[in-house]
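Subject: Structure for you to look at

Hello,

I am passing on the structure we talked about. My notes on it follow below; please read them with the structure open.

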Amino acid sequence: MRTLLLTAALTLLTTAAAAPFKFVALGDMPYKLPDDYARFEALIGEVNRLQPAFTLHVGDIKSGSTPCSDENFQKVKAQFGLFQGPLVYTPGDNEWTDCHREKAGKYDPLERLAKVRELFFTGMGNRSFGQTPLTLTRQPELPENSRWTYQNVVFGTVHVVGSNNGMERTNASVAEYFTRNAANVAWIKATFAEAKANNAPAVVLGFQADLFYGAPFLLTDPGLRDTLTTLAAEAKAYGKPVLLIQGDSHVLVIDRPLTEAGANTSAGQTLASPVLRHVTRLQVMGEAEVGAVEVTVDTDTPGVFGFRPVYGR
């Protein structure tokens, strides 16, 4: 009898709703350099005033037409240090995939990817950015892929970017894509496995690419299909609220575009496949609109997630 009571008590503790909390999501900024540095710092000041549990930056720390120079990277890294709370960052395509463009400096994208990892992730250990960093679990294969738990909710980042996720142009870039793609798929699966093992009430995943661009009438870029289908399968099996946070398209969108088949696989399949209504997509604003989204997480409510735009003063 005492064993049964103890088991029941432990179950109640495990499944009890956590206290509501707030975090901030942003991306695609600072974009137009150097003009947006001051606007970004004003936004950081407002985020600091709000005192969120942490902030998530989903990549593109410059435009695709801005030089991919060490100096520009270092400037934004220094601005990351202005966040008083924790800041978690996942790279975007403008940091490396698109650096071959003439206006971006005609860099080798893979050399820039190595530089991004060196500047932003080497030596970070299990710490996030920010003056009071979070402790993260990092993927050994891709140190930019991270995971953490806050109030029983499981959070993660996945290095999935626009421009077809880097699957183009050269044999070397294609090889890099397949290595990173396999690691990303494994990381998504491991994140949901952890959530299920710990009876987490919700999962939040952040990445840069707009996986739903053109839905449902255009085919998804092949470099994004594995991410979509893996997210769809894992979210369906998980069955609890999931929030996907991405940038890339620069306009604030909150919707539920993910289907059981994975959105965008084809027009007919997408339209025929049921929507996963427990999966919400937050596309943050960016580029000219230097703002962020304050996300309220209340696992004691049916929708779990609430959203409020935030702008610098």
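Helix α6 (residues 171-197) has 27 residues and reaches 39 Å from its first C-alpha to its last, close to the 39 Å expected at 1.5 Å a residue. The expected span is 1.5 Å times one less than the number of residues in the helix. Helices (H or I, at least four residues) and strands (E, at least two) are DSSP runs, numbered from the N terminus. After α6 comes N199, with a positive phi near 55 degrees.

This is a predicted model, in which local features need pLDDT of at least 70 and side-chain atom pairs count only at pLDDT 80 or more, while totals for chains, interfaces and linings use all residues. Residues are numbered from 1 along each chain as its sequence is written, and side-chain values use heavy atoms, with hydrogens and water left out.

Packing of α6 and α7

The axes of α6 and α7 (residues 222-238) come within 10 Å and cross at roughly 10 degrees. Axes here are lines fitted to C-alpha atoms, for helices over the stretch in contact, and angles run from 0 to 180 degrees between N-to-C directions. The crossing makes α6 roughly parallel to α7; angles under 35 degrees count as roughly parallel, over 145 as roughly antiparallel, 65 to 115 as roughly perpendicular and the rest as oblique. From α6, the contact (heavy atoms within 4.5 Å) is made by Y177, N181, V185, I188, K189, F192, A195 and K196. From α7, the residues involved are P222, G223, D226, T227, T230, L231, E234, A235, A237 and Y238. Sorted by class, the contact of α6 with α7 has 10 nonpolar, four polar and four charged residues. Ala, Val, Leu, Ile, Met, Phe, Trp, Tyr, Cys and Pro count as nonpolar, Asp, Glu, Lys and Arg as charged, and the others, Gly among them, as polar.

The chain overall

The secondary structure of the chain comes to eight helices and 12 strands. Of its 313 residues, 53% are buried. Buried means under 20% relative accessible area, exposed over 50%, and partly exposed in between (1.4 Å probe, protein chains only). Among contacts between residues at least 6 apart in sequence, 76% join residues at least 24 apart.

Helix α2 and its surroundings

Helix α2 (residues 36-50) has 15 residues and reaches 21 Å from its first C-alpha to its last, close to the 21 Å expected at 1.5 Å a residue. The buried residues in α2 are D36, Y37, F40, L43, I44, E46, V47 and N48. These buried residues pack against β1 (21-26), β2, α3, β11 (291-297) and β12 (305-311).

The loop between β1 and α2 holds P30 and P34. The peptide bond from M29 to P30 is cis, with omega near -5 degrees, and a cis bond with omega of about 5 degrees joins L33 and P34. Just after α2, Q51 takes a positive phi of about 55 degrees. Q51 lies in the loop between α2 and β2 and counts as exposed, at 66% relative accessibility.

K75, in helix α3, touches Y37 and E41, not counting residues up to four places away in sequence. K75 is partly exposed, with a relative accessible area of 33%.

Other sites

T66 is found in the loop between β2 (55-57) and α3 (70-80) and counts as buried, at 9% relative accessibility. A polar contact of 2.6 Å joins the side chains of T66 and S63. Such a contact is a pair of N or O atoms within 3.5 Å; within protein, one must be able to donate a hydrogen and the other to accept it, and residues adjacent in sequence count only if both atoms are side-chain atoms. Leaving aside neighbours within four places in sequence, T66 is in contact with Y31, L33, N72, K103 and A104.

V253, in strand β9 (residues 253-255), is partly exposed at 24% relative accessibility.

Q151 is not a glycine but has a positive phi of about 50 degrees. Q151 lies in the loop between β5 (146-150) and β6 (153-157).

Regards
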